[in-house]
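Work through the exercises below with the sequence and the coordinates at hand. Each task is followed by a solution in steps.

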Amino acid sequence: MKPASKLLMLAALAIPSSADAQGSKVSSAPELARQIDALKPGQWVWAPAIATSGPVMIYVDLSKQIALVYRNGIRIGASTISSGKDGHETPTGVFTILQKDANHRSSVYNNAPMPFQQRLTWDGVALHAGGLPGYPESHGCVHLPYEFARALFAITNLGITVIVQGSAADHVRTSENSLLAPFDAKGQPAPVMPLTGEAYRWTPEAAPQGPLTIIVSKLDQRIVVLRNGMEIGRSVAQIKDDDPGSHVINLVIRDGKPHWVYVGLPGHGDEDGHEVDEAILNRVRMPRRFYELVRDTLKPGATILVTNSRVGAKPLERLTIMDAVVPQP
């Protein structure tokens, strides 16, 4: 069975455990990740192939009762949560993971199981698998679906940043839902800076080294370049593609030459390992100089995410590209 097929099956499972978790039955995790507000209690999506390396940051929004996971500055997971109830509110702030214990049991609440516990404070606040009734009901911890908690536990290290914001008492159901992380890996706000008249922006000094991920947003008609979780480039683009799905493409070396090949996401498992057709590349045009700057930065392992998700451009904002070029491997 292909890895993408396994991931899709995993996301469709209902886990019969004390965590009372269920997976999201979706054809492609990145598409549902754009519709976080539609997730029902216990639902989650997990698409680690979007960014396979880079700094991990977790963002918990108490107002929306959701948790978002970012790697290399791009969202790779989304889940509903249950936070602290009245009198046991989950604290807000910037935390780091202090301790990890896959088989933890509470020393305070009758030895209750807390699978895949990731401690945020020494006085008992943690992320872990737990009940998800659709409203805040914990004693301060952030409850996650069982399989989501397991997947998250596998990619985190001690010391990574966890941001907790909002208020469970003020429930909000709307969001701009940009793919980009609202904070950097150190917990500092990472405001999106849309292009204002210029065709592109290039600031490689913001992150001189690290894994490279390029987002091609069909909805915003923008290209964003991230390195080590930081935005180093942004450009207008002309992207002629009516496909509503998301696709991930990796740069690999075959026969001593660079090639772009697909990564099989859920719903697109048949693409896995196939080389990108030249006709697909011809659907994207960008300013020539921006293309040259990106091309000179590419290394094997670079990832392109083609998506309908937003990257912070103003709706319907367009700029004419006078000197455009079609990308080549």
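Predicted model: local features only at pLDDT ≥ 70, side-chain atom pairs only at ≥ 80, totals over all residues.

Residues are numbered from 1 along each chain as its sequence is written, and side-chain values use heavy atoms, with hydrogens and water left out.

**Exercise 1.** State how many helices and strands the protein has, and what percentage of its residues is buried.

Step 1. Take helices (H or I, at least four residues) and strands (E, at least two) as DSSP runs, numbered from the N terminus. The protein has 5 helices and 22 strands.

Step 2. Count as buried a residue under 20% relative accessible area (1.4 Å probe, protein chains only). Of the 329 residues, 53% are buried.

**Exercise 2.** Describe the open sheet of 4 strands and the helix that packs on it.

Step 1. The strand order is S8-S9-S10-S11, with mixed pairing; two strands pair if DSSP finds at least two bridges between them.

Step 2. Strand S8 (99-105) and strand S11 (142-144) are the edges: each has a single partner strand, so one side of each lacks a neighbour in the sheet.

Step 3. Strand S10 (residues 126-129) runs parallel to S11 in a pairing of 3 bridges. Leu-127 stands opposite Val-142 in S11.

Step 4. Helix H3 packs on the sheet and touches S8, strand S9 (113-119), S10 and S11. The directions of H3 and S9 make about 35°, with axes fitted to C-alpha atoms, for helices over the stretch in contact, and angles running from 0 to 180 degrees between N-to-C directions.

**Exercise 3.** Which residues have the most contacts inside the largest nonpolar core?

Step 1. A nonpolar core is a set of buried Ala, Val, Leu, Ile, Met, Phe, Trp, Tyr and Cys residues joined through side-chain atoms within 4.5 Å.

Step 2. The largest one has 44 residues, and Trp-46, Val-60, Leu-127, Leu-144, Leu-152 and Val-162 have the most contacts inside it. Helix H3 (residues 146-155) gives the largest share, 7 residues.

Step 3. Apart from this core lies another of 26 residues, including Leu-212, Tyr-262, Val-294 and Val-325.

**Exercise 4.** Is Ser-217 buried or exposed, and what does its side chain reach?

Step 1. Ser-217 belongs to strand S14 (residues 212-217). Ser-217 is buried, at a relative accessible area of 0%.

Step 2. Its side chain reaches the backbone oxygen of Ser-309 at 2.8 Å.

Conventions: Buried < 20%, exposed > 50% of the residue type's maximum accessible area, 1.4 Å probe, protein only. Polar contact = N/O pair within 3.5 Å; in protein donor to acceptor, adjacent residues only side chain to side chain. Contact = heavy atoms within 4.5 Å.
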